[in-house]
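Subject: Structure handover

Hello,

Here is the structure I promised to pass on. Please open it first, then read my notes below.

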Amino acid sequence: MARVFNWQLGREMSYPYEEKHPQWQFAFVFNINRCIGCQTCTMACKSTWTFSKGQEYMWWNNVESKPFGGYPQNWDAKLLAMLEAENPGGQVWDVGTKESSKQPYGVFKGKTIFEAAEKRVGPEPQNVLGYLPSDAEWRHPNIHEDTAAGGQWRFGQYNGSAQLPEHRVWFFHLARICNHCTYPGCLGACPRQAIYKRPEDGIVLIDQERCRGYRKCVEGCPYKKAYYRPNTQTSEKCVGCYPRIEGKDPEISPDGAPAETRCMSACVGKIRLQGLVEVGDDGAWKHDPGNPMYFLIRERQVALPLYPQFGTEPNGFYIPPRWVPRPYLVQMFGPGVEHAIEQYSCPDRELLAVLQLFRAQRQVLFRFEIQQGPKVAEIPVRMPSGQMKVQEIFNDTVLGYNKRGEEVVRLTIEEPTFERPREQHVNSI
Ligand code: SF4
Ligand code: SF4
(Lines give C-alpha, C1' and ligand atoms only; values in the text may rest on other atoms or scores of the structure.)
(Ligands and ions follow the chains in the order given, each with its own letter.)
Protein backbone atom coordinates (compact mmCIF):
# COMPACT_ATOMS: atom_id res chain seq x y z
CA MET A 1 0.00 0.00 0.00
CA ALA A 2 1.05 3.60 -0.61
CA ARG A 3 1.64 6.16 2.18
CA VAL A 4 -0.69 9.18 2.16
CA PHE A 5 -1.22 12.07 4.59
CA ASN A 6 -4.55 12.29 6.43
CA TRP A 7 -4.92 15.66 8.21
CA GLN A 8 -7.88 14.43 10.27
CA LEU A 9 -5.64 11.74 11.81
CA GLY A 10 -2.63 14.08 12.01
CA ARG A 11 -0.37 11.50 10.39
CA GLU A 12 0.50 9.44 7.35
CA MET A 13 -1.44 6.24 6.77
CA SER A 14 -1.60 3.33 4.31
CA TYR A 15 -3.94 3.54 1.31
CA PRO A 16 -4.18 1.30 -1.78
CA TYR A 17 -3.35 4.18 -4.18
CA GLU A 18 -0.85 7.06 -4.35
CA GLU A 19 -2.01 10.54 -3.32
CA LYS A 20 -3.77 12.50 -6.04
CA HIS A 21 -6.08 15.34 -5.17
CA PRO A 22 -8.87 17.25 -6.91
CA GLN A 23 -8.61 20.99 -7.48
CA TRP A 24 -11.78 21.64 -5.49
CA GLN A 25 -13.42 19.38 -2.90
CA PHE A 26 -17.17 19.02 -2.28
CA ALA A 27 -17.73 19.49 1.47
CA PHE A 28 -20.65 20.12 3.81
CA VAL A 29 -21.48 21.04 7.40
CA PHE A 30 -24.55 19.66 9.20
CA ASN A 31 -25.56 21.33 12.47
CA ILE A 32 -27.01 18.45 14.50
CA ASN A 33 -28.35 20.87 17.10
CA ARG A 34 -30.97 22.00 14.59
CA CYS A 35 -32.05 18.75 12.89
CA ILE A 36 -35.71 17.91 13.58
CA GLY A 37 -35.68 14.52 11.86
CA CYS A 38 -38.38 15.52 9.38
CA GLN A 39 -36.78 13.46 6.52
CA THR A 40 -37.50 16.17 3.95
CA CYS A 41 -33.89 15.79 2.79
CA THR A 42 -34.36 12.03 2.48
CA MET A 43 -37.43 12.42 0.30
CA ALA A 44 -35.88 15.20 -1.80
CA CYS A 45 -33.04 12.81 -2.68
CA LYS A 46 -35.28 9.77 -3.11
CA SER A 47 -37.64 11.55 -5.48
CA THR A 48 -34.72 12.83 -7.55
CA TRP A 49 -32.39 9.85 -7.88
CA THR A 50 -33.63 6.56 -6.40
CA PHE A 51 -37.35 6.19 -7.21
CA SER A 52 -36.90 3.40 -9.78
CA LYS A 53 -37.17 -0.36 -9.70
CA GLY A 54 -34.28 -2.01 -7.86
CA GLN A 55 -33.56 1.11 -5.84
CA GLU A 56 -36.12 0.42 -3.11
CA TYR A 57 -33.53 -0.06 -0.36
CA MET A 58 -31.32 2.81 -1.50
CA TRP A 59 -31.37 5.83 0.77
CA TRP A 60 -28.48 7.93 -0.47
CA ASN A 61 -29.60 10.45 2.15
CA ASN A 62 -30.87 9.00 5.42
CA VAL A 63 -31.53 10.42 8.88
CA GLU A 64 -31.12 8.02 11.80
CA SER A 65 -31.84 8.48 15.52
CA LYS A 66 -28.71 7.95 17.56
CA PRO A 67 -27.61 6.08 19.61
CA PHE A 68 -29.80 3.09 18.61
CA GLY A 69 -30.83 3.82 15.03
CA GLY A 70 -28.73 3.20 11.95
CA TYR A 71 -29.06 2.37 8.27
CA PRO A 72 -28.07 -0.36 7.71
CA GLN A 73 -28.77 -1.45 11.25
CA ASN A 74 -25.78 -1.08 13.65
CA TRP A 75 -23.41 -0.14 10.78
CA ASP A 76 -21.11 1.92 12.98
CA ALA A 77 -21.15 -0.26 16.10
CA LYS A 78 -20.31 -3.29 13.98
CA LEU A 79 -17.33 -1.72 12.24
CA LEU A 80 -16.02 -0.19 15.47
CA ALA A 81 -16.16 -3.66 17.06
CA MET A 82 -14.23 -5.13 14.10
CA LEU A 83 -11.53 -2.47 14.41
CA GLU A 84 -11.30 -3.04 18.16
CA ALA A 85 -10.92 -6.78 17.58
CA GLU A 86 -8.02 -6.10 15.18
CA ASN A 87 -6.32 -3.73 17.60
CA PRO A 88 -7.57 -4.35 21.17
CA GLY A 89 -7.26 -1.25 23.36
CA GLY A 90 -5.23 0.56 20.70
CA GLN A 91 -7.86 2.75 19.02
CA VAL A 92 -6.81 5.94 20.87
CA TRP A 93 -5.87 9.56 20.15
CA ASP A 94 -2.78 11.44 21.31
CA VAL A 95 -4.21 14.89 21.96
CA GLY A 96 -0.93 16.27 23.32
CA THR A 97 0.40 16.96 19.83
CA LYS A 98 -1.85 19.46 18.08
CA GLU A 99 -1.01 21.82 15.26
CA SER A 100 -3.82 23.69 13.56
CA SER A 101 -3.07 22.92 9.91
CA LYS A 102 -1.63 19.39 10.00
CA GLN A 103 -2.93 17.93 13.28
CA PRO A 104 -5.97 19.93 14.36
CA TYR A 105 -7.37 17.14 16.57
CA GLY A 106 -4.07 15.54 17.63
CA VAL A 107 -2.73 12.23 16.31
CA PHE A 108 -4.74 9.02 15.95
CA LYS A 109 -2.59 6.15 17.22
CA GLY A 110 -4.91 3.31 16.29
CA LYS A 111 -5.59 1.49 13.04
CA THR A 112 -7.71 2.73 10.16
CA ILE A 113 -9.84 0.41 8.02
CA PHE A 114 -6.94 0.24 5.53
CA GLU A 115 -4.27 -0.52 8.13
CA ALA A 116 -6.42 -3.09 9.91
CA ALA A 117 -6.81 -4.93 6.58
CA GLU A 118 -3.06 -5.14 5.91
CA LYS A 119 -2.63 -8.26 8.01
CA ARG A 120 -5.31 -10.10 6.06
CA VAL A 121 -3.98 -12.75 3.71
CA GLY A 122 -5.64 -15.53 1.76
CA PRO A 123 -7.05 -16.25 -1.67
CA GLU A 124 -8.89 -12.94 -1.58
CA PRO A 125 -6.76 -10.44 0.39
CA GLN A 126 -8.71 -7.29 1.22
CA ASN A 127 -7.55 -3.69 0.88
CA VAL A 128 -10.15 -2.50 3.31
CA LEU A 129 -11.59 -3.85 6.55
CA GLY A 130 -15.34 -4.00 6.13
CA TYR A 131 -18.40 -6.22 5.99
CA LEU A 132 -21.41 -6.82 3.80
CA PRO A 133 -24.63 -6.04 5.68
CA SER A 134 -27.31 -8.73 5.63
CA ASP A 135 -30.66 -8.24 3.88
CA ALA A 136 -32.29 -7.92 7.31
CA GLU A 137 -29.99 -5.04 8.23
CA TRP A 138 -31.03 -3.10 5.11
CA ARG A 139 -34.71 -3.68 5.80
CA HIS A 140 -35.61 -0.76 8.10
CA PRO A 141 -34.39 2.67 7.02
CA ASN A 142 -35.27 4.32 10.31
CA ILE A 143 -35.29 1.64 12.95
CA HIS A 144 -35.44 2.94 16.54
CA GLU A 145 -36.64 6.34 15.36
CA ASP A 146 -36.78 8.79 18.29
CA THR A 147 -35.76 6.10 20.80
CA ALA A 148 -33.93 7.76 23.67
CA ALA A 149 -31.07 6.47 25.80
CA GLY A 150 -30.28 7.10 29.45
CA GLY A 151 -27.36 9.15 30.71
CA GLN A 152 -24.96 6.21 31.00
CA TRP A 153 -25.25 4.85 27.49
CA ARG A 154 -24.47 1.23 26.85
CA PHE A 155 -25.07 -0.58 23.59
CA GLY A 156 -28.51 -2.21 23.60
CA GLN A 157 -29.61 -0.76 26.96
CA TYR A 158 -32.65 1.50 26.97
CA ASN A 159 -32.14 2.88 30.47
CA GLY A 160 -32.81 6.36 31.90
CA SER A 161 -36.02 8.04 32.91
CA ALA A 162 -38.20 10.49 31.01
CA GLN A 163 -40.20 11.40 34.13
CA LEU A 164 -40.36 15.00 35.29
CA PRO A 165 -38.92 17.09 36.90
CA GLU A 166 -35.79 16.21 34.95
CA HIS A 167 -35.59 14.20 31.73
CA ARG A 168 -32.51 12.05 32.01
CA VAL A 169 -32.64 10.75 28.47
CA TRP A 170 -31.17 11.82 25.15
CA PHE A 171 -31.07 11.04 21.46
CA PHE A 172 -30.26 13.02 18.34
CA HIS A 173 -30.88 12.89 14.60
CA LEU A 174 -27.87 12.08 12.46
CA ALA A 175 -28.40 13.04 8.82
CA ARG A 176 -26.03 11.23 6.49
CA ILE A 177 -25.02 11.23 2.84
CA CYS A 178 -21.87 9.98 1.10
CA ASN A 179 -18.90 11.94 2.47
CA HIS A 180 -17.11 12.06 -0.90
CA CYS A 181 -14.06 11.01 1.09
CA THR A 182 -10.51 12.06 0.24
CA TYR A 183 -9.39 8.42 0.57
CA PRO A 184 -12.64 6.55 -0.19
CA GLY A 185 -13.01 3.05 1.21
CA CYS A 186 -15.36 2.19 -1.68
CA LEU A 187 -12.76 3.21 -4.26
CA GLY A 188 -9.94 1.42 -2.45
CA ALA A 189 -11.94 -1.79 -2.28
CA CYS A 190 -13.13 -1.96 -5.92
CA PRO A 191 -11.25 -4.68 -7.86
CA ARG A 192 -12.46 -3.28 -11.20
CA GLN A 193 -11.28 0.30 -10.58
CA ALA A 194 -14.79 1.35 -11.48
CA ILE A 195 -14.90 4.08 -8.83
CA TYR A 196 -13.26 7.45 -9.37
CA LYS A 197 -12.95 10.84 -7.76
CA ARG A 198 -13.64 13.76 -10.08
CA PRO A 199 -10.65 16.11 -10.39
CA GLU A 200 -12.86 19.20 -10.65
CA ASP A 201 -14.85 18.80 -7.41
CA GLY A 202 -13.79 15.61 -5.59
CA ILE A 203 -17.22 13.97 -6.05
CA VAL A 204 -16.88 10.16 -5.92
CA LEU A 205 -18.76 8.28 -8.68
CA ILE A 206 -19.22 4.68 -9.78
CA ASP A 207 -18.73 4.08 -13.52
CA GLN A 208 -21.80 2.01 -14.39
CA GLU A 209 -20.09 0.61 -17.50
CA ARG A 210 -17.13 -0.80 -15.57
CA CYS A 211 -19.02 -1.99 -12.46
CA ARG A 212 -19.69 -5.75 -12.34
CA GLY A 213 -21.60 -5.73 -9.07
CA TYR A 214 -19.00 -7.50 -6.93
CA ARG A 215 -20.22 -5.37 -3.97
CA LYS A 216 -16.70 -4.73 -2.70
CA CYS A 217 -17.63 -1.04 -2.38
CA VAL A 218 -20.63 -1.92 -0.23
CA GLU A 219 -18.28 -3.94 1.96
CA GLY A 220 -15.48 -1.35 1.96
CA CYS A 221 -17.43 1.87 2.58
CA PRO A 222 -17.28 2.27 6.36
CA TYR A 223 -20.34 4.56 6.24
CA LYS A 224 -22.30 2.05 4.15
CA LYS A 225 -23.16 4.60 1.51
CA ALA A 226 -22.67 2.39 -1.55
CA TYR A 227 -25.68 0.22 -2.50
CA TYR A 228 -26.18 -2.80 -4.72
CA ARG A 229 -28.97 -2.73 -7.30
CA PRO A 230 -30.12 -6.27 -8.08
CA ASN A 231 -31.93 -5.64 -11.38
CA THR A 232 -28.95 -3.90 -13.03
CA GLN A 233 -26.39 -5.95 -11.07
CA THR A 234 -24.30 -2.87 -10.41
CA SER A 235 -23.67 -0.71 -7.35
CA GLU A 236 -24.84 2.88 -7.06
CA LYS A 237 -24.19 5.71 -4.66
CA CYS A 238 -24.82 9.43 -4.03
CA VAL A 239 -23.69 11.41 -7.06
CA GLY A 240 -23.41 14.71 -5.15
CA CYS A 241 -26.13 16.10 -7.48
CA TYR A 242 -23.23 16.86 -9.83
CA PRO A 243 -25.33 18.57 -12.52
CA ARG A 244 -26.25 21.17 -9.90
CA ILE A 245 -22.63 21.53 -8.76
CA GLU A 246 -21.71 22.09 -12.42
CA GLY A 247 -24.26 24.92 -12.53
CA LYS A 248 -26.45 23.15 -15.07
CA ASP A 249 -29.82 23.72 -13.40
CA PRO A 250 -31.34 26.36 -15.67
CA GLU A 251 -33.70 27.66 -13.01
CA ILE A 252 -31.32 28.05 -10.05
CA SER A 253 -28.16 28.73 -12.04
CA PRO A 254 -29.10 30.58 -15.25
CA ASP A 255 -25.54 31.92 -15.39
CA GLY A 256 -23.81 28.59 -14.55
CA ALA A 257 -22.93 29.21 -10.89
CA PRO A 258 -22.75 26.01 -8.77
CA ALA A 259 -25.93 25.20 -6.82
CA GLU A 260 -26.29 23.09 -3.66
CA THR A 261 -27.60 19.51 -3.81
CA ARG A 262 -31.30 18.62 -3.51
CA CYS A 263 -30.97 17.35 0.08
CA MET A 264 -29.19 20.55 1.16
CA SER A 265 -31.65 22.88 -0.59
CA ALA A 266 -34.69 21.11 0.85
CA CYS A 267 -33.59 21.12 4.51
CA VAL A 268 -36.43 22.49 6.62
CA GLY A 269 -34.41 22.74 9.82
CA LYS A 270 -31.77 24.89 8.11
CA ILE A 271 -29.08 22.58 9.43
CA ARG A 272 -27.09 22.28 6.18
CA LEU A 273 -24.48 24.34 4.41
CA GLN A 274 -22.59 22.97 1.45
CA GLY A 275 -19.51 24.29 -0.26
CA LEU A 276 -16.37 23.67 -2.27
CA VAL A 277 -12.90 24.15 -0.80
CA GLU A 278 -9.76 24.66 -2.86
CA VAL A 279 -7.19 21.88 -2.45
CA GLY A 280 -3.43 21.99 -3.12
CA ASP A 281 -1.42 19.24 -4.85
CA ASP A 282 -0.42 17.90 -1.42
CA GLY A 283 -4.07 17.58 -0.37
CA ALA A 284 -3.97 20.52 2.05
CA TRP A 285 -6.91 22.90 1.97
CA LYS A 286 -5.89 26.31 0.65
CA HIS A 287 -5.92 28.84 3.52
CA ASP A 288 -9.16 30.72 2.90
CA PRO A 289 -10.91 31.89 6.09
CA GLY A 290 -13.41 33.88 3.99
CA ASN A 291 -14.89 30.61 2.64
CA PRO A 292 -17.72 29.52 5.00
CA MET A 293 -16.58 25.85 4.85
CA TYR A 294 -12.96 26.70 5.65
CA PHE A 295 -14.05 29.07 8.40
CA LEU A 296 -16.31 26.54 10.20
CA ILE A 297 -14.14 23.45 9.73
CA ARG A 298 -10.50 24.56 9.71
CA GLU A 299 -10.45 28.06 11.20
CA ARG A 300 -12.92 27.59 14.08
CA GLN A 301 -13.08 23.79 14.20
CA VAL A 302 -16.73 24.02 15.23
CA ALA A 303 -17.69 21.29 12.72
CA LEU A 304 -16.04 17.85 12.97
CA PRO A 305 -15.68 14.78 10.72
CA LEU A 306 -17.84 11.69 11.35
CA TYR A 307 -15.72 8.79 12.65
CA PRO A 308 -12.37 10.25 11.47
CA GLN A 309 -10.67 7.15 12.91
CA PHE A 310 -11.98 5.07 9.97
CA GLY A 311 -9.28 6.86 7.92
CA THR A 312 -11.15 7.82 4.75
CA GLU A 313 -10.87 11.58 5.51
CA PRO A 314 -14.60 12.20 5.04
CA ASN A 315 -15.60 15.62 3.71
CA GLY A 316 -18.88 15.80 5.67
CA PHE A 317 -18.61 17.66 8.99
CA TYR A 318 -20.98 18.00 11.95
CA ILE A 319 -21.57 20.57 14.68
CA PRO A 320 -22.05 18.13 17.59
CA PRO A 321 -25.23 18.26 19.73
CA ARG A 322 -24.81 20.02 23.09
CA TRP A 323 -27.01 17.72 25.19
CA VAL A 324 -25.33 14.38 24.50
CA PRO A 325 -22.86 12.69 26.92
CA ARG A 326 -19.34 13.61 25.82
CA PRO A 327 -17.86 10.07 25.67
CA TYR A 328 -20.48 9.11 23.09
CA LEU A 329 -19.69 12.18 20.97
CA VAL A 330 -15.91 11.74 21.24
CA GLN A 331 -16.06 8.18 19.91
CA MET A 332 -18.15 9.52 17.01
CA PHE A 333 -16.44 12.82 16.15
CA GLY A 334 -12.99 12.53 17.73
CA PRO A 335 -11.30 14.62 20.38
CA GLY A 336 -12.37 18.03 18.99
CA VAL A 337 -15.85 17.73 20.55
CA GLU A 338 -15.37 19.87 23.70
CA HIS A 339 -13.79 22.73 21.75
CA ALA A 340 -16.57 22.65 19.14
CA ILE A 341 -19.40 22.65 21.70
CA GLU A 342 -17.74 25.36 23.78
CA GLN A 343 -17.75 27.69 20.76
CA TYR A 344 -21.23 26.78 19.59
CA SER A 345 -22.68 27.35 23.08
CA CYS A 346 -21.68 31.01 23.02
CA PRO A 347 -20.71 32.05 19.49
CA ASP A 348 -18.84 35.32 18.98
CA ARG A 349 -20.21 37.83 16.46
CA GLU A 350 -18.27 36.40 13.50
CA LEU A 351 -19.37 32.82 14.11
CA LEU A 352 -22.95 33.91 14.79
CA ALA A 353 -23.01 35.74 11.46
CA VAL A 354 -21.69 32.74 9.49
CA LEU A 355 -24.25 30.45 11.16
CA GLN A 356 -27.00 32.59 9.57
CA LEU A 357 -25.90 31.43 6.11
CA PHE A 358 -27.27 27.90 6.56
CA ARG A 359 -30.05 27.42 4.03
CA ALA A 360 -30.26 31.12 3.24
CA GLN A 361 -30.16 30.49 -0.54
CA ARG A 362 -29.52 27.71 -3.08
CA GLN A 363 -26.25 28.68 -4.77
CA VAL A 364 -22.95 27.46 -3.33
CA LEU A 365 -21.25 30.18 -1.31
CA PHE A 366 -17.55 30.66 -1.94
CA ARG A 367 -17.05 33.75 0.23
CA PHE A 368 -18.74 35.67 3.02
CA GLU A 369 -18.33 39.20 4.34
CA ILE A 370 -19.59 40.79 7.55
CA GLN A 371 -20.67 44.42 7.93
CA GLN A 372 -20.69 45.42 11.58
CA GLY A 373 -23.86 46.75 13.21
CA PRO A 374 -24.83 48.04 16.69
CA LYS A 375 -24.99 45.93 19.85
CA VAL A 376 -28.60 44.87 20.41
CA ALA A 377 -28.50 42.47 23.36
CA GLU A 378 -26.52 40.87 26.14
CA ILE A 379 -27.62 37.34 27.05
CA PRO A 380 -26.41 35.23 29.99
CA VAL A 381 -25.30 31.78 28.77
CA ARG A 382 -24.51 28.68 30.81
CA MET A 383 -21.42 27.08 29.31
CA PRO A 384 -20.87 23.28 29.20
CA SER A 385 -18.55 23.63 32.21
CA GLY A 386 -21.43 25.14 34.22
CA GLN A 387 -19.85 28.60 34.25
CA MET A 388 -21.91 31.61 33.24
CA LYS A 389 -20.83 33.85 30.36
CA VAL A 390 -22.40 36.91 28.77
CA GLN A 391 -23.03 36.70 25.03
CA GLU A 392 -23.02 40.05 23.27
CA ILE A 393 -25.26 40.16 20.22
CA PHE A 394 -24.64 42.66 17.44
CA ASN A 395 -26.99 43.34 14.57
CA ASP A 396 -24.32 42.63 11.96
CA THR A 397 -25.10 42.00 8.29
CA VAL A 398 -23.64 38.91 6.61
CA LEU A 399 -23.22 38.75 2.84
CA GLY A 400 -22.62 35.61 0.77
CA TYR A 401 -21.05 35.46 -2.70
CA ASN A 402 -21.27 32.74 -5.37
CA LYS A 403 -18.42 31.40 -7.52
CA ARG A 404 -18.73 34.32 -9.91
CA GLY A 405 -18.26 36.77 -7.03
CA GLU A 406 -21.89 37.91 -7.18
CA GLU A 407 -23.77 38.69 -3.97
CA VAL A 408 -26.49 36.04 -3.58
CA VAL A 409 -27.50 36.52 0.05
CA ARG A 410 -27.64 39.36 2.57
CA LEU A 411 -28.98 38.81 6.09
CA THR A 412 -29.03 40.64 9.39
CA ILE A 413 -28.64 38.94 12.78
CA GLU A 414 -31.95 40.43 13.93
CA GLU A 415 -34.70 39.01 11.81
CA PRO A 416 -36.71 41.88 10.34
CA THR A 417 -40.41 41.92 11.24
CA PHE A 418 -43.19 43.43 9.15
CA GLU A 419 -46.59 44.55 10.38
CA ARG A 420 -49.39 43.87 7.95
CA PRO A 421 -51.77 46.85 7.60
CA ARG A 422 -55.10 46.18 9.36
CA GLU A 423 -57.07 47.71 6.52
CA GLN A 424 -55.88 45.12 3.98
CA HIS A 425 -55.66 41.92 6.06
CA VAL A 426 -58.74 41.07 8.08
CA ASN A 427 -56.93 38.62 10.33
CA SER A 428 -54.29 41.19 11.43
CA ILE A 429 -54.22 42.05 15.12
S1 SF4 B 1 -18.75 7.72 2.25
FE2 SF4 B 1 -18.46 5.63 1.49
S3 SF4 B 1 -19.35 5.66 -0.59
FE4 SF4 B 1 -18.92 7.80 -0.01
S5 SF4 B 1 -16.84 8.22 -0.80
FE6 SF4 B 1 -16.65 7.62 1.38
S7 SF4 B 1 -16.23 5.42 1.26
FE8 SF4 B 1 -17.09 5.98 -0.76
S1 SF4 C 1 -34.48 18.18 6.12
FE2 SF4 C 1 -32.93 19.02 7.53
S3 SF4 C 1 -34.04 19.11 9.51
FE4 SF4 C 1 -35.20 17.69 8.22
S5 SF4 C 1 -34.31 15.65 8.69
FE6 SF4 C 1 -33.19 16.44 6.89
S7 SF4 C 1 -31.36 17.41 7.79
FE8 SF4 C 1 -32.85 17.18 9.47
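Let me start with charges over rings. Arg 215 lies over the face of Tyr 228, at 4.3 Å from the ring centre. Arg 298 is placed over the face of Trp 285, at 5.5 Å from the ring centre. By the rule used here, a charge sits over a ring if NZ of Lys or CZ of Arg is within 6 Å of the ring centre and within 35 degrees of the ring normal.

Two notes on reading this. The model is predicted, so local features need pLDDT of at least 70 and side-chain atom pairs count only at pLDDT 80 or more, while totals for chains, interfaces and linings use all residues. Residues are numbered from 1 along each chain as its sequence is written, chains are lettered from A and ligands numbered from 1 in the order in which they are written, and side-chain values use heavy atoms, with hydrogens and water left out.

Aromatic pairs

A pair of aromatic rings is described by the distance of the centres and the angle of the planes. Rings of Phe, Tyr and Trp (its six-membered ring) pair if their centres lie within 6.5 Å. Planes under 30 degrees apart count as stacked, over 60 as edge-to-face and the rest as tilted.

The structure holds 24 aromatic pairs. Trp 7 and Phe 317 form a stacked one, with 6.2 Å centre to centre and 15° between the planes. Trp 7 lies in the loop between β1 (2-6) and β2 (11-15), and Phe 317 in strand β16 (residues 316-319), so this pair ties together parts that are 310 residues apart in sequence. Helices (H or I, at least four residues) and strands (E, at least two) are DSSP runs, numbered from the N terminus.

Trp 7 is buried, at 4% relative accessible area. Phe 317 is buried too, at 0%. Buried means under 20% relative accessible area, exposed over 50%, and partly exposed in between (1.4 Å probe, protein chains only).

Trp 24 and Phe 366 make an edge-to-face pair: 5.5 Å centre to centre, 80° between the planes. Trp 24 is in strand β3 (residues 24-31), and Phe 366 is in the loop between α11 (349-355) and β17 (367-371), 342 residues apart. Both Trp 24 and Phe 366 are buried.

There is also an aromatic cluster. Phe 26, Phe 28, Phe 30, Tyr 318 and Phe 333 form it.

The core

A nonpolar core is a set of buried Ala, Val, Leu, Ile, Met, Phe, Trp, Tyr and Cys residues joined through side-chain atoms within 4.5 Å. The largest one has 111 residues. Which residues have the most contacts inside it? They are Val 29, Phe 172, Leu 296, Leu 306 and Phe 333. Strand β3 gives the largest share of this core, six residues.

Phe 333 touches, among others, Ile 32, Leu 174, Leu 306 and Tyr 318, not counting residues up to four places away in sequence. Contact means heavy atoms within 4.5 Å.

Around the ligand

The residues around ligand 1 include Cys 178, His 180, Cys 181, Cys 186, Cys 221 and Lys 237. A residue is near a molecule if one of its heavy atoms lies within 4 Å of it. The shell divides into seven nonpolar, three polar and two charged residues. Ala, Val, Leu, Ile, Met, Phe, Trp, Tyr, Cys and Pro count as nonpolar, Asp, Glu, Lys and Arg as charged, and the others, Gly among them, as polar.

His 180 lies in the loop between β9 (172-176) and α4 (185-189). Is His 180 buried or exposed? At 0% relative accessibility, His 180 is buried. Its phi is near 40°, a positive value in a residue other than glycine.

Asn 315 touches His 180, and also Asn 179, Cys 181 and Trp 285, among others. Asn 315 sits in the loop between β15 and β16. Asn 315 is buried, at 0% relative accessibility.

Backbone notes

Glu 313 is in the loop between β15 (304-305) and β16. Phi of Glu 313 is near 50°, again a positive value in a residue other than glycine.

The peptide bond from Lys 66 to Pro 67 is cis, with omega near 20°. The bond from Tyr 71 to Pro 72 is cis as well, with omega near -5°. Pro 67 is in the loop between β4 (62-66) and α2 (75-86), and Pro 72 lies in the loop between β4 and α2.

Best wishes
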